[in-house]
Amino acid sequence: MSLGAIVRGYVITKTFRKYRLIDALPQQQVPKTLRWFDKALFWMGRDNIERPLPERVKLAFQELGPVYIKLGQMLSTRRDLLPDDLADSLEQLQDQVPPFDPLQAKARIEAALGGPVEQFFDDFSIEPLASASVAQVHSARLKESGDEVVLKVIRPDIDVQIRSDLQLMEMGAKLLASTKVGQRLHPIEVIEDYRRTILAELDLTREANNAIRVGTAFEGSDALYVPKVYDQYSHRNLMVMELVRGIPVSDVESLSAHGTNMKLLAERGVEVFFTQVFRDNFFHADMHPGNIFIDVTNPDNPHYIGIDYGIVGELSEQDKRDMAAIFLAFFRHDYHRLAEVFLATGWVDASANMNDFEFALRQVFQPLQNQPLGKISFGHVLVSLFRTAHQFGMVVKPQLVLLEKTLLYVEGLGRQLYPELDLWETAKPYLEEWHAQRLSPQSQWQRFLDSAPDALEKLPEIPELVHQNLTLTREFLKEPNQILSNYIEQRQQHHKSSLFFNSGSVLVISSTILLDKTVTIWPSAILASLGFVAWIIGWQIRKP
């Protein structure tokens with residue numbers, strides 16, 4: 001571990017103790033060693049411990065800076081793992097940090113472009129328009145066309161800082177996973193999801209491609225406009241995009257003052273989401289208010305402007321079918337079918353008791369049966385489903401977490417704009433259209449055409465496979481005992497070799513653990529040698 005990582009680890013430990021975040025773990029499940037370690041650090045002091053725990057967690061993450069602010073924002077979407085009060089507090093974390101040196105920003109832009117800013121742009125603003133944890137934004141005008149643009153540039157050294165913090169987070173996740181409470185929270189999987197998300201945001205060519213893909217899908221749409229990306233200027237550390245002006249979606253007062261058709265606007269938000277999910281298999285997964293603006297040039301026909309496509313989600317055809325089956329079972333109050341779908345998808349541990357799982361689902365959702373659908377939160381139903389399934393061993397797939405998070409945003413924004421929004425009724429046509437298209441002859445034919453190349457590639461192998469099976473069948477009918485004895489002998493050989501391979505692996509792993517725990521190298525070397533010998537014996541047995 002580097003000196004920088006050690007210093008950073010000290011800062012994180014001090015901050016966690018300062019806000020007494022050990023309280024976030026159930027006291028009866030906190031390992032004794034962790035309690036002793038916490039007491040041994042008495043000299044670090046405490047602060048703000050009279051505040052509620054969710055607020056302390058938020059303050060600690062805020063103090064630790066951009067990487068932990070991003071982590072907190074991501075954790076706020078994991079309502080299947082966290083209690084609502086903690087998720088709500090983390091949701092308030094703002095990704096706003098002081099800008100870095102504008103001259104340094106200009107130098108990074110010029111390094112990406114391969115020439116001075118003045119060669120490509122006029123009216124470059126040295127003062128940033130906005131600044132966030134990963135990047136900051138400057139305005140300019142394209143020299144060749146006169147188009148107003150924004151230049152998004154990655155912060156210097158943020159890559160090193162993120163990777164250093166990720167290394168420490170992974171170490172902490174492994175320690176937490178070794179405790180009883182940690183096993184329930186799946187910390188290793190959570191940090192791995194975060195790693196993929198945050199590292200993807202460091203590559204602006206990826207964000208540029210995502211924006212182009214969504215913009216192409218919604219070209220000519222009345223619901224969503226994606227600013228043009230000038231990909232000829234885009235690099236890993238720089239993205240150039242059309243400057244657009246609109247009203248932030250959270251500024252309901254300004255929208256109302258312009259006479260905006262709020263009902264249509266709210267419904268179009270639902271349309272955008274379900275079109276992206278069920279038609280395009282590709283959805284904007286970071287739809288918080290800072291990334292969504294409204295064009296009210298024509299207040300009776302308002303449309304959304306979406307920016308920042310660093311985080312996107314994709315669902316497979318199977319995922320979409322499973323989600324449709326889940327919602328259909330919920331509509332029908334068919335909790336047995338709901339349990340069957342979760343078990344069939346593999347989202348819940350196969351060893352889970354079907355009757356117990358069905359009973360748990362019934363306890364959660366039966367009270368909702370007498371409520372109008374318009375009063376039930378679509379997003380919270382999904383959260384409740386995942387929370388209940390989590391008790392039976394479910395580890396939520398990253399794409400489903402993004403879907404849940406985005407659905408909660410869409411529903412929250414929609415009802416903020418138009419409180420009477422019935423998301424179920426608004427979403428129903430899109431679900432029905434997708435279902436009808438999936439079962440249509442054209443869709444079936446298209447699926448056949450998509451799979452035809454693979455089938456045709458394997459077609460020449462069929463005669464040989466048939467011949468081999470016929471030969472094997474004939475030999476078996478002639479001498480069944482011989483065939484069976486050969487098979488049994490092969491299986492016995494395989495089991496013996498596997499035993500030696502596994503024993504060898506255990507010995508080698510034990511040697512590395514022993515080497516870490518003892519001063520002398522000889523006991524570890526002997527175990528490792530025995531392990532290698534076991535591997536060689538296993539290999540010799542397996543050889544025909």
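Helix α13 gives the most residues to the lining of the largest cavity, five of them. This is a predicted model, and the largest cavity in it has a volume of about 160 Å³. Helix α13 also gives the most to the lining of the second largest cavity, this time with four residues. Let's look at both cavities, and then at a pair of helices that pack against each other.

**The largest cavity**

- The count comes to four cavities of 30 Å³ or more, and the largest has a volume of about 160 Å³.
- Which residues lie closest to the centre of the largest cavity? They are Gly-269, Val-272, Met-287, Ile-292 and Tyr-304, out of 15 residues that line the cavity.
- Sorted by class, the lining of the largest cavity has ten nonpolar and five polar residues, with no charged ones.

**The second largest cavity**

- The second largest cavity has a volume of about 80 Å³.
- Phenylalanines to look for in its lining include Phe-273, Phe-274, Phe-278, Phe-327 and Phe-378.
- Val-277, Met-323, Leu-403, Leu-407 and Leu-431 also line the second largest cavity.
- At least two lining residues come from each of α13, α14 (317-331) and α18.

- Two packed helices are described by the angle between their axes and the distance between the axes.
- For helix α4 (residues 66-75) and helix α8 (residues 158-177), the angle is about 60° and the axes are 9 Å apart.
- Why are α4 and α8 called oblique to each other? Angles from 65 to 115 degrees count as roughly perpendicular and those under 35 as roughly parallel; the angle here is about 60°, so α4 and α8 are oblique.
- The crossing in which α4 passes α8 is right-handed.
- On the α4 side, the residues that meet α8 are Pro-66, Val-67, Tyr-68 and Leu-71.
- On the α8 side, the partners are Gln-161, Ile-162, Asp-165 and Met-169.
- By class, the residues of this contact between α4 and α8 are six nonpolar, one polar and one charged.

Technical notes:
Residues numbered from 1 in each chain as written. Predicted model: local features only at pLDDT ≥ 70, side-chain atom pairs only at ≥ 80, totals over all residues. Heavy atoms only, no water. Axes fitted to C-alpha atoms, helices over the stretch in contact; angles between N-to-C directions. Parallel < 35°, antiparallel > 145°, perpendicular 65-115°, else oblique. Left-handed = near helix turned anticlockwise from the far one by under 90°. Contact = heavy atoms within 4.5 Å. Nonpolar A, V, L, I, M, F, W, Y, C, P; charged D, E, K, R; others polar. 1 Å grid on protein atoms, 1.4 Å probe; cavity = no way out; pocket = protein on both sides within 12 Å on 5 of 7 lines; lining within 4 Å. Points joined across faces, edges and corners; volume = space filled by probe spheres on them.
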